[in-house]
Every structure is written in C-alpha cells, then in structure tokens.
Amino acid sequence: MAQFLLFTYVSPAVIVYVIVIVGTGNNNNLFSIDRQTGLVTRGIRALDRETSSSHVLEVEGYNSDESSMRSSVRVIIYVDDANDEVPVFTQQQYNRLGLRETAGIGTSVIVVRATDPDS
C-alpha cells in the first residue's frame, strides 16, 4: 500500500507599510514611505529646524491580504540644523567716542555683538 504525504504551502503574508496621518508630524507630506520596504524618506518639501526641530510619525504595517492583522509604531525624526541663517547684529550701528590718537596697540576699542538664529 503506497502512502502519500500532502503538504499545503501557506505563503507568508506580505506586509504593507503606510504613514498614518496623525497630528502635525507629516504636514505637507514632508516624509513618504515605501509601501513594500518600509523605507521612510524625506519628501519634496525642505525641512527647517527653526520651524520644527522634530517630527512624530505613526507608521502602520498590515498584512497585504487585507485582514485585520495590523500594528503601528511611533517614529520620531530629529532635524539637525543647517547653517542657513545669517548672523544679526544687536545694533544697527556702533559708535566709539573718545579714542585717543595715542592709544596703544591692542587698546580695546568697542565690542560688537551678533546672534545667529541657527542653533
């Protein structure tokens, strides 16, 4: 008597990734995600640390067979500052009264101050 073994192959579910629009984390589509690989990339709009130093996204993964099997994770992206702001002087003009013409080399003349909006 011959025996036959019957195997049923069940393919693993393919996971699909999406960014769930929650709050302001992905305003104006600053980020996108590859639905197949889960790779999060910067969108076409430029990031600006002076406007927002971090972005919070919620990424969801679900089975491609459209079952109710899904999970989500919070992704926090911290934006490093680029040197894209010019320094700003604290005064429009600096004046020094009373510097003697005989002032020696290295004599203090005036202190100017500027700030840089970049962190």
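Biologist: What percentage of the 119 residues in the protein is buried?

Modeller: This is a predicted model, in which local features need pLDDT of at least 70, side-chain atom pairs count only at pLDDT 80 or more, and totals for chains, interfaces and linings use all residues. Residues are numbered from 1 along each chain as its sequence is written, and side-chain values use heavy atoms, with hydrogens and water left out. Buried means under 20% relative accessible area, exposed over 50%, and partly exposed in between, with a 1.4 Å probe and protein chains only. By that criterion, the buried share of the 119 residues is 16%.

Biologist: How many helices and strands does the protein have?

Modeller: Helices (H or I, at least four residues) and strands (E, at least two) are DSSP runs, numbered from the N terminus. Along the sequence the pattern reads β-β-β-β-β-β-β. The count is therefore 0 helices and 7 strands.

Biologist: How many of the 10 residues of strand β4 are buried?

Modeller: Strand β4 spans residues 54-63 and is mostly covered. Its buried residues number 7 of 10.

Biologist: Which residue in β4 stands opposite Val-20?

Modeller: Two strands pair if DSSP finds at least two bridges between them. Strand β1, residues 15-20, pairs with β4 in the antiparallel sense over 6 bridges. Opposite Val-20 stands Glu-58.

Biologist: Which residue in β5 is the bridge partner of Tyr-62?

Modeller: β4 also pairs with strand β5, residues 70-78, in the antiparallel sense over 9 bridges. Within β5, the partner of Tyr-62 is Arg-70.
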